[in-house]
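Visitor: Can you walk me through this one? Keep it quick.

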Amino acid sequence: QVQLVDSGGGLVQAGGSLRLSCVASGSGFSSNVMAWYRQAPGKQRELVARISTHGTTTYADFVKGRFTISRHNAQNTVYLEMSSLKPEDTAVYLCNAVGGTSRDYGMNYWGKGTLVTVSS
């Protein structure tokens, strides 16, 4: 089992920056594909960024050039650096892990989410 604790959200003005963190408990972190999703009120959950076990990153078009996902395997942590924030980035951001070991291959784990509010 993997437990994810995501943090770092808050209120920021448009154009500002935030860094989100997600700490994973349990073993096997380096085998997990990690990602950040977001969900705005009344909208579906959407993928923001993903990082593979080898560090390959993918981004949603709406954050390319503004957000950076990274991982620190020794600390069981994944980060999302957000800059040039826009009011439309306001959402609950959720950390996601996809299990990659023989015990939990393909299983999805979720953090509880951290709220990011961008004021205009």
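Guide: Terms before tour. Two strands pair if DSSP finds at least two bridges between them. Strands are DSSP runs of E, at least two residues, numbered from the N terminus. This is a predicted model: local features need pLDDT of at least 70, side-chain atom pairs count only at pLDDT 80 or more, and totals for chains, interfaces and linings use all residues. Residues are numbered from 1 along each chain as its sequence is written, and side-chain values use heavy atoms, without hydrogens and water.

Visitor: OK, what is the bridge partner of Q39 in β9?

Guide: V92. Strand β4 (residues 33-39) and β9 run antiparallel, joined by 7 bridges.

Visitor: Which residue is the partner of Y93 in β11?

Guide: T114. β9 and β11 are antiparallel too, with 3 bridges.

Visitor: Is T114 buried or exposed?

Guide: Buried, at a relative accessible area of 9%. Buried means under 20%, exposed over 50%, partly exposed in between (1.4 Å probe, protein chains only).

Visitor: And what is T114 in contact with?

Guide: Leaving aside neighbours within four places in sequence, its contacts include D6, G9, L20 and V92. Contact means heavy atoms within 4.5 Å. A polar atom of the T114 side chain lies 2.9 Å from the backbone nitrogen of G9.

Visitor: Switching topic. What order do the strands of the open sheet take?

Guide: β1-β3-β8-β7, 4 strands with antiparallel pairing. β1 (4-7) and β7 (67-72) are the edge strands, each pairing on one side only.

Visitor: How many bridges between β1 and β3?

Guide: 4, in the antiparallel sense, with β3 spanning residues 18-24. There D6 stands opposite C22.

Definitions and conventions:
A polar contact is a pair of N or O atoms within 3.5 Å; within protein, one must be able to donate a hydrogen and the other to accept it, and residues adjacent in sequence count only if both atoms are side-chain atoms.
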